[in-house]
Amino acid sequence: MDRLFWGYKPEWYKRAPVINARLDTILKKSPMWRALLGKRVLVPADGWFEWTGEVGDKQPWFIHSKDDAPLFMAAITAWQPGKDDDVEHGFAIVTDASAGGMVDIHDRRPVVLTDEAAREWTSPSTSVEAALELLSTARPETAFKWHPVTRQMSNVKYQAPNTDHPTSL
């Protein structure tokens with residue numbers, strides 16, 4: 001386990017670094033992502049945050065597993081041993097369209113793998129084709145729950161331990 005730069009921007013890419021790799025773009029054999037499919041990693045997490053509402057009045061939500069088990073988000077990376085921990089060697093989380101009630105919070109979500117699929121995703125013996133199939137077996141929206149959290153956590157300076165605690169609207 002190691003820390004990597006969250007974001008990826010190849011030398012030739014003219015835009016800002018990308019933190020998410022859209023599954024539909026990956027499946028269209030995007031040259032930016034296709035080359036990284038052999039370098040698969042997991043991002044372990046307790047959950048993730050999304051915001052609803054209008055600019056200046058955004059409500060953050062914490063999305064996590066119904067069983068409170070750790071989440072394993074599928075990600076791809078340009079990491080190479082001995083290279084700098086920078087945007088050219090960073091990673092992007094694979095995202096897909098949301099469904100069910102989660103759409104009310106955000107139209108996209110990370111691809112969260114089951115424990116078994118996570119092991120296969122990171123195995124060097126898993127082919128790119130098999131890895132792509134694993135992305136279609138992500139945990140469904142019914143495996144998650146979400147609740148509003150304090151609006152204070154939207155400020156990067158707010159570092160209290162209660163950022164994922166439920167709050168009333």
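A charge is said to sit over a ring if NZ of Lys or CZ of Arg is within 6 Å of the ring centre and within 35 degrees of the ring normal. By this rule R139 lies over the face of F144, at 5.6 Å from the ring centre. A second case is R40, whose charged end sits over the ring of W121, 5.6 Å from its centre.

The model is predicted, so that local features need pLDDT of at least 70 and side-chain atom pairs count only at pLDDT 80 or more, while totals for chains, interfaces and linings use all residues. Residues are numbered from 1 along each chain as its sequence is written, and side-chain values use heavy atoms, with hydrogens and water left out.

The aromatic rings come next. A pair of aromatic rings is described by the distance of the centres and the angle of the planes. Rings of Phe, Tyr and Trp (its six-membered ring) pair if their centres lie within 6.5 Å; planes under 30 degrees apart count as stacked, over 60 as edge-to-face and the rest as tilted. Six aromatic pairs are present in the structure. One of them joins Y8 and W33: the ring centres are 5.8 Å apart and the planes stand at 45 degrees, so this pair is tilted. Because Y8 lies in the segment before β1 (20–22) and W33 in helix α2 (residues 31–34), the pair ties together parts that are 25 residues apart in sequence. Here helices (H or I, at least four residues) and strands (E, at least two) are DSSP runs, numbered from the N terminus.

Another ring pair consists of W48 and F144. Their centres lie 5.5 Å apart and their planes are at 70 degrees, so the pair is edge-to-face. W48 belongs to strand β3 (residues 47–52) and F144 to strand β9 (residues 144–148), which means that the pair ties together parts 96 residues apart in sequence. W48 counts as buried at 7% relative accessibility, and F144 is buried with a relative accessible area of 2%. Elsewhere, ring pairs link F49, W51 and F62 into a cluster.

Side chains of opposite charge can pair when their charged atoms come close. A salt bridge is a side-chain nitrogen of Lys or Arg within 4 Å of a carboxyl oxygen of Asp or Glu, and the structure holds four of them. In one, R22 meets D24, with the closest N and O atoms 3.1 Å apart. R22 is partly exposed because its relative accessible area is 38%, and D24 is partly exposed at 31%.

R139 lies in the loop between α4 (128–135) and β9, and D67 in the loop between β4 (59–65) and β5 (71–77), so the pair ties together parts that are 72 residues apart in sequence. R139 counts as buried at 15% relative accessibility, whereas D67 counts as exposed at 53%.

Which residue does E141 meet in a salt bridge? The partner is R109, at 2.6 Å from N to O. E141 is in the loop between α4 and β9 and R109 is in strand β7, so parts 32 residues apart in sequence are tied together. Both E141 and R109 are buried, R109 with a relative accessibility of 6%. Strand β7 covers residues 108–110. A polar atom of the R109 side chain also lies 2.6 Å from the backbone oxygen of R139. With contact taken as heavy atoms within 4.5 Å, and residues up to four places away in sequence not counted, R109 touches several residues, including W48, R139, E141 and F144.

Finally, the backbone deserves attention. Most residues other than glycine have a negative phi, and most peptide bonds are trans. K29, which is not a glycine, has a positive phi of about 65 degrees. K29 lies in the loop between α1 (23–27) and α2, and is exposed, with a relative accessible area of 55%. D68 likewise has a positive phi, near 60 degrees. D68 is in the loop between β4 and β5 and is exposed at 57%.

Terms used
Buried < 20%, exposed > 50% of the residue type's maximum accessible area, 1.4 Å probe, protein only. Polar contact = N/O pair within 3.5 Å; in protein donor to acceptor, adjacent residues only side chain to side chain.
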